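I opened my notebook to look at how the parts of this chain sit against each other. Here is what I looked up, step by step.

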Amino acid sequence: MSVAIILGTRPEIIKMSPIIREYERRGDDYFILHTGQHYSYSMDRIFFEQLRLPDARYNLNVGSGLQGEQTGKMLGQIERVLIDEKPHAVLVQGDTNTVLAGALAAVKLHIPVGHVEAGLRSNDRRMPEEINRITADHVSDYLFAPTGESQRNLRNEGISKEKIFVCGNTVVDALFQNLSISEEAIDPLKELGVRSGGYFLVTAHRQENVDDPGKLSDILEGLERVATEYAMPVIYPMHPRTKKMMEQFRLQAGPVRCIEPLDYLSFLQMEKHAGLILTDSGGVQEEACILRVPCATLRENTERPETVAAGANILVGTDPGTIMEGVRIMMERERVWQNPYGDGTAGRKIVEIVGLVDDSIAEGGRT
Ligand code: UD1
Ligand code: UDP
């Protein structure tokens with residue numbers, strides 16, 4: 001019996017890490033298939049090292065490319081690995097092209113697919129991630145929905161309730177497993193010369209924001225206004241996509257301090273001690289909410305509405321005026337909300353449920 005864990009990008013490595021650790025702890029048969037969608041040291045290898053994850057058995061080194069080109073390359077190569085390895089189940093996590101390719105390759109080989117973080121919807125089909133989520137959900141056999149809201153989204157699309165398991169989000173497990181390790185080991189605030197509560201933290205890399213010169217320069221102007229009004233440093237660990245687009249559009253970041261992407265342990269502490277986080281990242285919206293740090297999301301919509309409902313997050317889009325307004329609102333907000341993403345046991349629950357799939361195969365019946 002073996003399980004194939006397919007991953008390829010920074011957030012998948014982080015959010016799959018609790019599941020990988022659980023398989024290691026149990027000594028079960030599993031292997032990691034890395035598509036190579038992310039490949040820079042700071043977007044990939046550093047997380048394996050820091051989270052002490054075993055090496056991938058396969059790395060397809062697919063790299064960057066157009067949506068279809070990148071997904072197509074992965075699809076063909078994943079299929080070949082799955083034919084050779086014949087795993088009893090495949091796990092994918094999130095909404096990237098890696099997820100789409102992994103889920104499609106597996107389902108066509110009649111291998112049961114478990115989709116971790118199922119049922120999220122922005123209801124914005126212009127996002128490549130929304131297409132990936134919907135497709136992965138509809139071809140998967142086991143949908144690990146983080147919240148009741150994501151379960152409802154799946155039910156509203158006609159997915160039967162027997163396939164859906166509300167488990168919480170493994171982002172909580174990863175955060176709980178690593179925050180105190182981080183606090184004992186390193187002091188990124190000292191390294192960056194900032195004090196707790198005395199800076200803004202930014203991440204923005206979403207295609208619809210940073211590939212558009214107007215939106216990217218609006219975001220930078222909004223950040224400049226925030227830095228000036230609060231006279232606080234704005235620290236922006238910059239995703240390589242954003243760095244590339246800044247260079248292409250010849251944009252300057254003004255007073256914003258752009259730095260290389262951070263390792264996970266440093267980033268967690270930078271989140272925890274930020275006065276406020278501005279982001280268009282999915283995982284960062286969740287982590288801000290869990291850490292009780294106010295968040296302003298640089299988008300018009302979110303597939304994480306639980307964070308907004310909890311009072312932890314506000315949607316500000318990319319207009320400099322609405323960014324400023326949202327920051328003012330959130331800086332005043334009392335940090336009393338509850339984390340909607342579970343108690344940090346999602347990884348264990350998911351592995352247990354996948355184990356039942358294996359058992360049903362062993363007994364000669366696949367559901
Ligand atoms: C991808 C996901 C996105 C996720 C993000 C996590 C899709 C459609 N998008 O976006 O949902 O939020 O990962 O970070 O799957 N690059 C490097 N080094 C790397 C990786 C990328 O330099 O290791 C640069 C390349 O210039 C590349 C660009 O970033 O063209 C975009 O990379 P890509 O994987 O296509 O999309 P992301 O923006 O990373
Ligand atoms: N992250 C990190 N270093 C950084 C920025 C983000 O380790 O400089 C982590 C963050 O803690 C979160 C994940 O990366 O767990 C989010 O990934 P990303 O924003 O790339 O993808 P998304 O969640 O938007 O798909």
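I began with the domain centres: those of domain 1 and domain 2, taken over C-alpha atoms, are 26 Å apart. The assignment gives 3–169 + 343–362 as domain 1 and 176–332 as domain 2; such bounds come from an automatic or database domain assignment. I noted that this is a predicted model, where local features need pLDDT of at least 70 and side-chain atom pairs count only at pLDDT 80 or more, while totals for chains, interfaces and linings use all residues. Residues are numbered from 1 along each chain as its sequence is written, and chains are lettered from A and ligands numbered from 1 in the order in which they are written.

Next I looked up the contact (C-beta atoms, placed from the backbone, within 7 Å). Domain 1 puts in 23 residues and domain 2 puts in 17 residues. Which element gives the most to the side of domain 1 that touches domain 2? I found helix 1, with four residues. Helices here are DSSP runs of H or I, at least four residues, numbered from the N terminus. I sorted that side of domain 1 by class: ten nonpolar, eight polar and five charged residues. Nonpolar means Ala, Val, Leu, Ile, Met, Phe, Trp, Tyr, Cys and Pro; charged means Asp, Glu, Lys and Arg; the others, Gly among them, are polar.

Then I turned to a helix pair. In helix 7, residues including Leu 175 and Asn 178 meet Tyr 264, Leu 265, Leu 268 and Gln 269 in helix 12. I counted seven nonpolar, three polar and one charged residues in this contact.

Terms used:
Two residues are in contact if their C-beta atoms, placed from the backbone, lie within 7 Å. Helices (H or I, at least four residues) and strands (E, at least two) are DSSP runs, numbered from the N terminus.
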